[in-house]
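This report walks through selected features of one protein model, taking them one region at a time. Please keep the sequence and the 3D view at hand while reading.

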Amino acid sequence: MPKITEPKVKKTPKSSMSKSLGLLRGFKDILPADQSYWRFIQEAAESFYRGYGFAKIDPPILEEASLFVRSIGKQTDIVEKEMFSFADQGQGLVVLRPEATASIARAYINHGMINLPQPVKLFYWGPMFRRERPQSGRQRQFHQFGFEILGDPNPVIDAQIIGIVASFFQQIGLDQISIQVNSIGCPTCRKVYLQELVTYYRSKRKSLCEDCKKRLTKNPLRLLDCKNQSCQLVRTEAPQIVDWLDEECKNHFMKVVGYLDELNIAYILNPYLVRGLDYYTRTVFEVWPKEIKEGAQSALCGGGRYDGLIEMLGGRPTPAAGVAIGIERVITQLRAQEVEIPNYSQAEIFLAQIGDQAKVKALQLFEQLRRGNIRVAENFAKDSLKAQLELANKIGVRYALILGQKEVMDGTILIRDMESGVQEIIDFNKTVNELKKKLANGNSN
Ligand code: AMP
């Protein structure tokens with residue numbers, strides 16, 4: 001057996017040893033109380049990807065830094081200052097992925113998916129990492145799920161993706177939302193537009209914030225995205241990209257919104273909507289809550305077409321479109337819009353026992369109930385019936401099962417309705433079936 005030696009650890013100074021350890025800035029625990037929301041969204045997302053014919057893919061969390069530099073763009077906030085990157089011994093620079101679309105494009109190339117029937121429809125779910133300034137709605141580790149359709153240039157694909165997102169939010173009960181749509185053209189017509197935009201903004205340089213002054217040379221499309229009041233005022237007179245789209249881009253966009261109209265999907269044409277990632281072409285969209293809290297980051301999802309991405313990464317030209325939905329933001333909205341969601345962890349019954357023999361029998365019965373998919377709460381360490389029923393009350397179960405010495409002798413068990421206090425004696429061997437009937441009746445009331 002190889003000898004295992006203790007790794008050498010630097011001695012921690014005494015003062016920091018006594019300090020309790022906290023979370024890193026921008027990182028959060030997902031606590032048991034939040035898990036029902038996560039499960040609710042996950043179940044809905046899974047039924048959507050299966051229902052719409054997507055296949056699931058799980059790219060790794062760690063990728064080569066160059067994947068994101070080449071795809072998201074050198075001059076973007078994400079690549080310039082927000083990537084968690086480090087040198088891996090001998091492997092160059094690696095990063096915790098800031099998003100998944102680039103990884104999916106890489107996987108499409110690596111696994112020769114171009115040889116599959118097109119388009120290829122992929123779904124993903126997982127954590128993303130951006131070293132942003134944490135604030136309400138913005139974390140350094142957050143989670144996204146997304147739908148990507150690769151290998152088809154048709155505008156119907158863009159409309160389908162927006163349609164999936166619209167019916168997803170409707171299904172989970174978020175109806176106070178607005179879908180914002182725009183086209184940012186192709187690299188050719190965008191280039192001409194950007195010259196116009198920069199000329200206009202240069203003439204208003206004095207009114208711009210420091211960030212926008214930098215954007216003039218680095219990333220002019222993001223000028224339209226600035227939240228600064230003075231910059232927003234400048235924006236009202238800025239040239240709009242829709243007026244600069246070339247014929248093909250204009251036709252594409254008209255078709256996308258035409259499909260949305262046919263599908264009765266309400267949307268807002270937002271000429272200022274741009275995205276923080278370089279790979280987008282033509283259609284871009286976001287979904288916003290109707291009521292936006294001042295200062296809070298609140299877009300629920302962002303997506304669009306990215307026809308150049310796969311080629312940028314070394315693959316054959318492959319048009320594609322997709323969307324990424326921010327799970328934490330969706331949960332915040334479910335809470336804000338007071339959407340009722342199932343409480344998956346709520347126990348349905350409490351199993352109380354009195355006496356040693358009853359305890360042993362109750363332990364066995366617990367297993368049968370669990371196998372019968374009944375969620376049971378218990379405290380086998382307690383002996384007093386009063387204490388156990390108080391706990392049952394606190395948990396809020398509908399029924400308590402009570403097993404005492406007498407019931408063990410008789411081969412029976414008591415079912416107590418916790419609301420009315422009425423108790424019923426039933427045959428011990430029929431416990432699971434009787435309970436299932438009672439719970440089903442209660443649910444249909
Ligand atoms: P993006 O990948 O930037 O297009 O973002 C898509 C969605 O992910 C956004 O609309 C948000 O819902 C969510 N999102 C992006 N960045 C963060 C973050 N730092 N914290 C929480 N959610 C985020």
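## Arginine in a strand

The place of Arg282 is in strand S9, which covers residues 281-289. The model is a predicted one, and in it the phi angle of Arg282 is near 55°, a positive value in a residue other than glycine. With a relative accessible area of 14%, Arg282 falls under the 20% limit and is therefore buried.

## Two loop residues

Asn373 also has a positive phi without being glycine, with a value near 60°. Asn373 is found in the loop between helix H13 (356-371) and strand S13 (376-378), and its relative accessibility of 67% makes it count as exposed.

Another loop, between helix H5 (101-110) and strand S5 (120-129), holds Pro119. The peptide bond that joins Gln118 and Pro119 is cis, with omega at about -5°.

## Helix H6 and its ends

Helix H6 is made of 17 residues, 155-171, and spans 24 Å from its first C-alpha to its last, close to the 24 Å expected at 1.5 Å a residue. Twelve of these 17 residues are buried, so H6 is largely enclosed by the rest of the structure. Among the buried residues are Pro155, Ile157, Asp158 and Ala159, as well as Phe168 and Phe169.

At the N-terminal end, H6 is capped by Asn154, which has a side-chain oxygen 2.9 Å from the backbone nitrogen of Val156. After H6 comes Gly173, whose phi is positive, near 95°.

Which residues does Tyr259 touch, once its neighbours within four places in sequence are left aside? Tyr259, which lies in helix H10 (residues 247-262), is in contact with Asn154, Pro155, Val156 and Ala159. Although Tyr259 and Val156 are 103 residues apart in sequence, their C-alpha atoms are 6.9 Å apart in space. Tyr259 has a relative accessibility of 32%, and so counts as partly exposed.

## The second largest pocket

The second largest pocket holds about 580 Å³ of space. It is lined by 27 residues, of which Lys28, Gln139, Glu328, Arg329 and Thr332 are the closest to its centre.

Strand S6 (141-150) and helix H12 (327-336) each supply at least two residues of the lining of this pocket, and H12 gives the most, with seven residues. By type, the lining residues divide into eight nonpolar, ten polar and nine charged.

Terms used
Residues numbered from 1 in each chain as written. Predicted model: local features only at pLDDT ≥ 70, side-chain atom pairs only at ≥ 80, totals over all residues. Heavy atoms only, no water. Helix = DSSP H or I, 4+ residues; strand = E, 2+ residues; numbered from the N terminus. Expected span 1.5 Å × (residues − 1). Buried < 20%, exposed > 50% of the residue type's maximum accessible area, 1.4 Å probe, protein only. Polar contact = N/O pair within 3.5 Å; in protein donor to acceptor, adjacent residues only side chain to side chain. 1 Å grid on protein atoms, 1.4 Å probe; cavity = no way out; pocket = protein on both sides within 12 Å on 5 of 7 lines; lining within 4 Å. Points joined across faces, edges and corners; volume = space filled by probe spheres on them. Nonpolar A, V, L, I, M, F, W, Y, C, P; charged D, E, K, R; others polar. Contact = heavy atoms within 4.5 Å.
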